[in-house]
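Welcome, and please take a moment with the sequence and the model below. We will then walk through it together, one site at a time.

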Amino acid sequence: MGIGQLTDTILSRLEEAATDARASLDPVVRLGITGLARAGKTVFITSLVSNLMDRGRMMGLGAAADGRILAAYLQPQPDDTIPRFDYEGNLAALTCAEPHWPESTRAISQLRLSLRLRPGGLLSSMRGARTVHVDIIDYPGEWLLDLALLDQSFAQWSAQALARARQASRASLAEGWLAQLEAGDPLAALDEPRAQDLAAGFTAYLGAARAAGLSPGAPGRFLLPGDLAGSPALTFAPLSPPGARAASNSLYRAFERRYDAYRSQVVKPFFRTHFARIDRQIVLMDVLGALHAGPAAMQDLRDDMAAVLGAFRPGADSWLGRLVRRRVDKILFAATKADYLHHTSHDHMTALTEALLREAADRAHFKGAATQAMAIAALRSTVEQRVQHNGVPLDCVRGLLSSSGREAALFPGEFPSDPAQVLNAARAGEQHWLQGDFELMNFLPQAGARRKGDGLPHIRMDQAAEFLLGDRL
Ligand SMILES: Nc1nc2c(ncn2[C@@H]2O[C@H](COP(=O)(O)OP(=O)(O)OP(=O)(O)O)[C@@H](O)[C@H]2O)c(=O)[nH]1
Ligand SMILES: [Mg+2]
């Protein structure tokens with residue numbers, strides 16, 4: 001083990017000890033919530049907390065159904081350096097007189113929910129109530145994809161990023177940046193304005209890929225810079241290998257150094273201080289969004305899933321493998337926004353999510369943690385309705401359209417019933433789905449969703465909570 005690795009491990013242990021010393025003796029479950037941008041993390045956490053505080057809609061969570069949860073309350077979180085998840089603000093957005101979806105959030109945040117529990121089983125009358133703290137940690141899924149950078153040199157990463165940018169589905173999005181790249185010489189001396197232009201061109205391409213429903217991939221912070229915006233650690237871009245030896249003052253060497261700084265000063269601290277301490281994880285996936293965006297987006301989703309799973313089972317001799325002492329033992333992959341589909345399609349959505357998970361687990365040689373796939377809606381914004389269309393019954397969902405605020409019943413298209421057909425078309429790089437395109441709707445949250453004793457209306461949040469927390473309650 002090198003000195004750098006030793007320091008990483010020691011730093012991580014010290015951090016852990018400091019947190020443990022501050023914590024009480026009550027058991028803590030550290031629940032990680034992640035997913036790529038717009039996957040539904042903020043709405044999920046708001047709904048989970050609301051439904052654990054008011055448990056009328058949580059009959060699928062054993063401890064709630066048995067009446068063993070005596071109280072649930074928010075507490076100050078143990079980590080003073082992480083922003084608190086704005087539960088109250090997000091709940092207000094979803095339940096106010098004119099409900100709207102919460103603002104996008106672009107960094108890590110945390111919330112502690114404590115549950116007071118009556119013990120179950122034979123000894124229930126002899127033991128007093130106990131407390132379990134659930135520490136909810138919200139972090140961007142893009143940060144997990146950065147793990148791959150730790151195994152790649154600047155040259156390797158550049159080659160891979162350039163090959164990806166030239167793929168058919170991306171070439172037009174990357175055009176501007178690739179032209180910029182051709183116009184310059186990586187052996188020329190570093191010129192800061194040119195370096196900034198290249199980084200900006202590369203970032204614009206990543207943004208365009210995301211807007212097209214494709215995965216921007218690593219480096220995750222280019223689109224989520226937070227307080228690193230404009231810093232040298234984010235002012236680099238892939239470069240083609242130079243034909244001759246690059247001098248130390250060249251653009252090529254400067255970008256190589258910045259790439260290394262990004263890895264050691266941005267990527268590693270996240271894994272060391274936050275990721276290494278997670279017990280349970282939910283990965284939210286916008287499967288409907290990928291289906292709508294087309295086969296290339298679905299292909300990206302499966303690559304991302306394999307990369308994410310790889311982070312949860314790092315090789316024992318990898319940097320992360322040496323760092324992670326406590327292993328995540330349950331991971332839930334949840335396809336979100338199931339309320340955009342009539343329930344008759346939910347089984348198909350689950351089947352596709354399961355197939356994606358199975359395949360990602362094979363590719364990442366994943367074993368160890370229990371995994372499950374599910375279709376959920378953190379906030380149900382629709383009701384179901386059967387509509388006659390040219391004499392044929394159509395299973396629609398009805399809600400308030402985001403575009404106009406008017407109510408409408410829509411049919412999104414048949415959700416494909418055969419996952420293999422979807423996966424094959426994605427692998428083959430088809431331009432469109434054989435069965436026709438899948439429309440994406442956009443509904444607003446409904447007013448008056450909240451009733452006394454009930455949390456936010458949802459689909460299968462109780463089953464998600466049972467899988468993630470049931471055995472600890
Ligand atoms: N119908 C429906 N839409 C949802 C649900 N959850 C999220 N959405 C939609 O997805 C969008 C993104 O949800 P967020 O919870 O903000 O997603 P996020 O992962 O926190 O996004 P970032 O903070 O931008 O990374 C919302 O604005 C809604 O339009 C849900 O349960 N049902
Ligand atoms: Mg968010």
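Thr105 is partly exposed, with 38% relative accessible area; here buried means under 20%, exposed over 50% and partly exposed in between, using a 1.4 Å probe and protein chains only. This is a predicted model, in which local features need pLDDT of at least 70 and side-chain atom pairs count only at pLDDT 80 or more, while totals for chains, interfaces and linings use all residues. Residues are numbered from 1 along each chain as its sequence is written, chains are lettered from A and ligands numbered from 1 in the order in which they are written, and side-chain values use heavy atoms, with hydrogens and water left out.

Helices (H or I, at least four residues) and strands (E, at least two) are DSSP runs numbered from the N terminus. Thr42 has a relative accessibility of 9% and therefore counts as buried.

Follow α2 onwards from Thr42, and you will find that 12 of its 13 residues are buried, including Phe44, Ile45 and Leu48. The end C-alpha atoms of α2 are 18 Å apart, in agreement with the 18 Å that its 13 residues should span at 1.5 Å a residue; the expected span is 1.5 Å times one less than the number of residues. In the loop between β1 (28–35) and α2 sits Arg38. Arg38 has a phi near 65 degrees, a positive value in a residue other than glycine, and its relative accessibility of 49% makes it partly exposed.

Leaving aside residues up to four places away in sequence, Met58 touches Asn51, Leu52, Ala64, Ala65, His458, Met461, Asp462 and Ala465, where contact means heavy atoms within 4.5 Å. Met58 also lies 9.3 Å from Glu466, C-alpha to C-alpha, although 408 residues separate them in sequence.

Now turn to a pair of helices. The axes of α6 (residues 154–165) and α9 (residues 251–273) come within 10 Å and cross at roughly 100 degrees, so the two helices are roughly perpendicular to each other, a term for angles of 65 to 115 degrees. Where they meet, Phe154, Ala155 and Trp157 in α6 contact Tyr252, Phe255, Glu256 and Tyr259 in α9.

Our last helix is α13 (residues 346–363), whose 18 residues reach 26 Å from first C-alpha to last, close to the 26 Å expected. Among its buried residues are Met349, Leu352, Leu356 and Leu357, and their cover includes β5 (280–285), α11 (295–312) and α14 (419–427). Just after α13, His365 takes a positive phi of about 45 degrees.

How values were computed
Axes fitted to C-alpha atoms, helices over the stretch in contact; angles between N-to-C directions. Parallel < 35°, antiparallel > 145°, perpendicular 65-115°, else oblique.
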